[in-house]
Amino acid sequence: MASTTVLVITFNCARRLLQPDLFARRLSKVLPESQRPDIVLLSLQEIAPIAYSFLGGSYLSPYFQRFHHAIHMAGKALDGAEYVHLITRNVGMTACMVFVLEEHRLNIQWIETGGVGVGLQEMGNKGAVGLRLGYAFPDSDDTFELTFVAAHLAPMEEALQRRNEDWKNIVRGLVFTPATIKDISKPTKPQAAGEESEPLLENDPASTGQNPRGLYTPTSHLILAGDLNYRTSRTKPQKGAHAVFPQLNSGCQDNGNFYSLLHNDQLSRELKAGRTCHGLSEAPIHFPPTYKYSKKAQMLAEKEDSMTTWDWAKHRWPSWCDRILYQDLPAWMTSAIPAVRIEVGKYTALPLMPTSDHQPVISTMRIPLKAIPAPTEDCGEEDVRTSPPFDIDPRWRERRQSARRKEIVVGILAYLTLTWEGRSIALALIIGALLGWLVLRGMLG
């Protein structure tokens, strides 16, 4: 059966600009040339400082442009593959980007987008942004639907319940609506994220009159990627605990090996208990914790083979914060077509980047290029696609608009106080006001 290969990347950028050549080189090294991904999905957290993230627009363009270049260079290394930037969306500091192979760009028929903040006052310092694509089959009326969600949940070891609550609020508040024309990049040439252009779509989904849909839907595949922040302990490490942190040279039976730490992984336990990421699956983990690396480790990270030990920050338990999950095919589809299945290829971490204390994580998936049929009346009752764990918040739009207004206010204040250009503007305004007051005083005195 025909399938499409999807490459998923999640990376906490630590509010710093990416080194695109280094990122591209490391990415291309782990991808086999014979399996060029058809679709590339990027989940980015802490994409830029809070001022730029909350103000958005051109302030974010330099950050997104670095990833655009990285994907372009990685494609060239994969037998000259040409990737077209499809769309980029962000909610505050969390963003997602989508690229498709040049030869598949006309198959994308429609796009829906959604976003929700779960940070302070529901702002986007933490939150989720989602994209849903409609991929048309050649010579067929069927459409393959793919939903991609980039997320960033609450930090700290002790915030387990808050992370589960964040997931609940994402399910309740992430509602998909048709993408606007300005959201979609022109397919004829590579283009910087954030630039306005003509629509890619031949069929505008806004004209279908379709009601907004939530995260779970019966006919769509679902991939979740991000800094989910689940840790390996509910308390911070005590003094001296770093002595038992896993090390690169630990033997498989040694307590210092990361597999012993993996048994304490919060996400694995919460998934099994059905308290978070409902209905999602994860491939086995065979890579070390992705967080939190020390400043020393980041300084050495540019030398690709320099790490002979894992140099962890001592105040955080090493943890698999950065994860990629997916929703398996529904029973009503696999019972009708037993041979159909999703195949996960690679699931691994890239080497540490010098700009972040997180490792990037990637996964490749082969997804059957076949539409998921709508469930019949006698099936799907126990499937999360048809019975989501939480209802959509009827005030989702109002709450996002309110949070967006707060983001703009916070973004302006952060810009004027935390950035050099903002401080210059603030100083000029203060000096101008002072001079104006002195002139007015002289005129009236």
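Select W317 to begin: at 16% relative accessibility this residue counts as buried, where buried means under 20% relative accessible area with a 1.4 Å probe and protein chains only. The model is predicted, local features need pLDDT of at least 70, side-chain atom pairs count only at pLDDT 80 or more, and totals for chains, interfaces and linings use all residues. Residues are numbered from 1 along each chain as its sequence is written, and side-chain values use heavy atoms, with hydrogens and water left out.

Rings of Phe, Tyr and Trp (its six-membered ring) pair if their centres lie within 6.5 Å; planes under 30 degrees apart are stacked, over 60 edge-to-face, and the rest tilted. The count of aromatic pairs by this rule is 13. F245 and W317 form a tilted pair, 5.2 Å centre to centre with 50° between the planes.

Now select F258, Y259, Y293, W310, W312 and W320, a cluster linked by ring pairs.

Two charged groups follow. A charge sits over a ring if NZ of Lys or CZ of Arg is within 6 Å of the ring centre and within 35 degrees of the ring normal. Display R163 with Y230: the charged end of R163 sits over the ring, 5.5 Å from its centre. Then display R423 with W420, where the corresponding distance is 5.1 Å.

Methods
Buried < 20%, exposed > 50% of the residue type's maximum accessible area, 1.4 Å probe, protein only.
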